[in-house]
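User: I have a structure to go through and would like to discuss it with you. Could we take it topic by topic?

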Amino acid sequence: MNSSLLSLLVLAGIAIFLILRLRSVLGTREGFEKPPARPQPMAREPRRDFEVIEGGPDNDIIDHVEDGSDAAKALAAMKLAEPGFSVQEFLHGARGAYEMILMAFERGDVDDLRPFLADDVLETFETVIRQREEQGLHIEAEFVGVRELALQDATYDRGTQEAEITVRFVGELTSVVKNAAGETIEGDPGEIKRQRDVWTFARTMGRDDPNWVLVATDG
């Protein structure tokens, strides 16, 4: 046997040995195997197109007055003159002002009233307080809360930028009137009474001073 044939036999033997070793390690595959599936990209969520409606009803206004009413138009004009103005925030402030002014009047504290009242309203309040003092009367009152609050009307003068908002209140408080001797002549400290008031507040829109002034009262 020549050397070339011998070399081929040796190489063939080595190849058979390697094949048998690979089968023992990797196992065997039978039948037709599909190629591994390619990973699919994650499905993207459908894009949501949000429709922005401009110029629609302003809930901050129509929650308190009828849409399209003169009051609604006046409030909208106030917002144009002063974009930061909010009806809801105004009513929240009006609630606090009602308690503060009402209780200062009951106590006869004119100094606390002066910054928040128009001159003619202040004069009326001072007259009543002075009459009580002359009669030797004083009032002991305690504020319980605001039972009802509603925006009743609104007006706006574009020329002067003067805004007026009328609010209807139903407050609850206890009140006792006593004479100079300390005797109770009216009221019961244990009885809660309701007081109805319609107040109008005014302010020039666009000014730095954010305070509204009480310009009219109607019980």
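Analyst: The discussion below goes from the overall fold to the strands, selected residues, aromatic rings and the pocket. Please note that this is a predicted model.

User: How many helices and strands does the protein chain have?
Analyst: The protein chain has 6 helices and 5 strands. Read from the N terminus, the order of the elements is α-α-α-α-α-α-β-β-β-β-β.

User: And what percentage of the residues count as buried?
Analyst: Of the 219 residues in the protein chain, 32% count as buried.

User: Let us turn to the strands. How many bridges join E1 to E2?
Analyst: E1 and E2 run antiparallel and are joined by 17 bridges.

User: Is glutamine 161 partly exposed or buried, and why?
Analyst: Glutamine 161 counts as partly exposed because its relative accessibility is 32%, and that class lies between the cut-offs of 20% and 50%.

User: In which sense do E2 and E3 pair?
Analyst: Strand E2, residues 162-178, pairs with strand E3, residues 184-187, in the antiparallel sense over 3 bridges. Lysine 178 has threonine 184 in E3 as its bridge partner. E2 and E3 also form a hairpin, with 5 residues between them. In that turn, glycine 182 has a positive phi of about 85°.

User: What about E4, and how does it pair with E2?
Analyst: E2 and E4 are antiparallel partners over 12 bridges. Glutamate 164 stands opposite alanine 202 in E4. Alanine 202 also stands opposite valine 213 in E5. E4 and strand E5, residues 213-218, pair in the antiparallel sense over 5 bridges.

User: How many residues of E4 are buried?
Analyst: Strand E4 spans residues 193-204 and is mostly covered, with 9 of its 12 residues buried.

User: Now some individual residues. Where is alanine 71?
Analyst: Alanine 71 lies in helix H3, residues 70-81. It counts as buried because its relative accessible area is 7%, which is under the 20% cut-off. Although alanine 71 and aspartate 153 are 82 residues apart along the chain, their C-alpha atoms are separated by 5.6 Å.

User: What is the relative accessible area of leucine 113?
Analyst: It is 0%, so leucine 113 is buried. Leucine 113 belongs to helix H5, residues 110-113. Its C-alpha atom is separated by 9.7 Å from that of methionine 103, 10 residues apart along the chain.

User: Where is phenylalanine 143, and is it buried or exposed?
Analyst: Phenylalanine 143 has its place in strand E1, residues 138-157. With a relative accessible area of 15%, it is buried. Phenylalanine 143 and glutamate 172 are 29 residues apart in sequence and 6.5 Å apart in space, C-alpha to C-alpha.

User: Which residues form an aromatic cluster with Phe143?
Analyst: Phe85, Phe90, Tyr98, Phe169, Trp199, Phe201 and Trp212 form one aromatic cluster together with Phe143. The structure holds 9 aromatic pairs.

User: What sits over the ring of phenylalanine 105?
Analyst: The charged end of arginine 132 sits over that ring, 5.0 Å from its centre.

User: Finally, the largest pocket. How much space lies in it?
Analyst: About 280 Å³ of space lies in the largest pocket. Its lining comprises 15 residues, of which Gly93, Ala94, Pro210, Asn211 and Trp212 are the closest to the centre. Trp212 is also a member of the aromatic cluster.

User: Which element gives the largest share of the lining, and how do its residues divide?
Analyst: Helix H4, residues 87-107, gives the largest share of the lining, with 7 residues. The lining as a whole divides into 10 nonpolar, 4 polar and 1 charged residues.

Methods:
Residues numbered from 1 in each chain as written. Predicted model: local features only at pLDDT ≥ 70, side-chain atom pairs only at ≥ 80, totals over all residues. Heavy atoms only, no water. Phe/Tyr/Trp six-rings, centres within 6.5 Å; stacked < 30°, edge-to-face > 60°. Lys NZ or Arg CZ within 6 Å of the ring centre and 35° of its normal. Pairing = 2+ DSSP bridges. Helix = DSSP H or I, 4+ residues; strand = E, 2+ residues; numbered from the N terminus. 1 Å grid on protein atoms, 1.4 Å probe; cavity = no way out; pocket = protein on both sides within 12 Å on 5 of 7 lines; lining within 4 Å. Points joined across faces, edges and corners; volume = space filled by probe spheres on them. Nonpolar A, V, L, I, M, F, W, Y, C, P; charged D, E, K, R; others polar. Buried < 20%, exposed > 50% of the residue type's maximum accessible area, 1.4 Å probe, protein only.
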